[in-house]
Amino acid sequence: MLLDVSESQLVLVDYQSRLMPAIADAPFVLANTLRLARIAKLMQVPVWGTEQCPDKLGSNPPELRDLCRKTLAKQHFSAVADGLGDWLRPPARPAGNARSLPKHLQKPVSPINERGTIVVAGCEAHVCLLQTALELLEEEFDVWVVTDACGSRTERNRDAAFDRLAGAGAELVTTEMVAFEWMRSADHPAFREVQALIK
């Protein structure tokens, strides 16, 4: 029931320059997002970003983009529809077969180092974050939504998204919950650095 750092990936959805001024509590949301991304980097958790129509809504902040392995420019509200799932699932490898065998004679393939737990946060919570998280659930990922790093223009829309996501099977967590579950112990080598980011 706790997050496992070795199985986790972090997805940060649409914290764009022309969108954030309209988001309720935007400075708080963005501060938690940067904190979360920095903790993920310390813990060697892959971080991915998305941007909705960046030509119209601008880019994510440079300090956030720099913490991401890659940033997906998307047109669909769900990043999964524009290929995010392919980034999150590594290519499969043959299961001990010669590659020259016809496909019907090969054994099933197995994924390489799959990290099937997706920690996700973003804006707007009731649109792009919601649709991305629901489609990740459909793709059979375990989805954990970081509520204090999500935002919408109104609290009502944000909270409705959280209700719907919880009902669909996503776990709702906070930035600090993620950090401490990834570490599990005060003996963790990154404990002091993570603690400094949280204070």
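Which residues in α1 meet which residues in α7? Asn 32, Arg 35, Leu 36, Ile 39 and Ala 40 in α1 meet Thr 175, Val 178, Ala 179 and Trp 182 in α7, where contact means heavy atoms within 4.5 Å.

## About the model

This is a predicted model, in which local features need pLDDT of at least 70, side-chain atom pairs count only at pLDDT 80 or more, and totals for chains, interfaces and linings use all residues. Residues are numbered from 1 along each chain as its sequence is written, and side-chain values use heavy atoms, with hydrogens and water left out.

Helices (H or I, at least four residues) and strands (E, at least two) are DSSP runs, numbered from the N terminus.

## Helix α7 and its two partners

Let's start with the helices. Two packed helices are described by the angle between their axes and the distance between the axes. Here axes are lines fitted to C-alpha atoms, for helices over the stretch in contact, and angles run from 0 to 180 degrees between N-to-C directions. Helix α1 (residues 26–42) packs on helix α7 (residues 175–183) at an angle of about 10°, with the axes 10 Å apart. α1 and α7 are therefore roughly parallel to each other (angles under 35 degrees count as roughly parallel, over 145 as roughly antiparallel, 65 to 115 as roughly perpendicular and the rest as oblique). By class, six nonpolar, two polar and one charged residues make up the contact of α1 with α7. Ala, Val, Leu, Ile, Met, Phe, Trp, Tyr, Cys and Pro count as nonpolar, Asp, Glu, Lys and Arg as charged, and the others, Gly among them, as polar.

With helix α8 (residues 191–198), α7 packs at an angle of about 175°, and the axes are 11 Å apart. That makes α7 roughly antiparallel to α8. From α7, Glu 176, Ala 179, Phe 180 and Met 183 make the contact, and from α8, Phe 191, Val 194 and Ile 198. This contact has six nonpolar, no polar and one charged residues. The buried residues of α7 are Thr 175, Val 178, Ala 179, Glu 181, Trp 182 and Met 183 (buried means under 20% relative accessible area, exposed over 50%, partly exposed in between, with a 1.4 Å probe and protein chains only). Their cover includes β1, α1, β6, β7, β8 (171–173) and α8.

Now to the strands. Strand β6 (residues 117–122) is mostly covered, with six of its six residues buried. Thr 117, Val 119 and Ala 121 point one way, while Ile 118, Val 120 and Gly 122 point the other way.

Six bridges join β6 to strand β1 (residues 8–13), and the two run parallel; two strands pair if DSSP finds at least two bridges between them. Leu 12 has Ala 121 in β6 as its bridge partner. Four bridges join β6 to strand β7 (residues 142–146), also running parallel, and Thr 117 has Asp 142 in β7 as its bridge partner. Asp 142 is partly exposed, with a relative accessible area of 46%.

## Backbone details in the loops

A few loop residues deserve a look. The peptide bond from Cys 123 to Glu 124 is cis, with omega near -20°, and Glu 124 lies in the loop between β6 and α5.

Asp 25, in the loop between β1 and α1, is not a glycine but has a positive phi of about 55°. Cys 53, in the loop between β2 (47–52) and α2 (54–57), has a positive phi of about 40°. At 14% relative accessibility, Cys 53 counts as buried.
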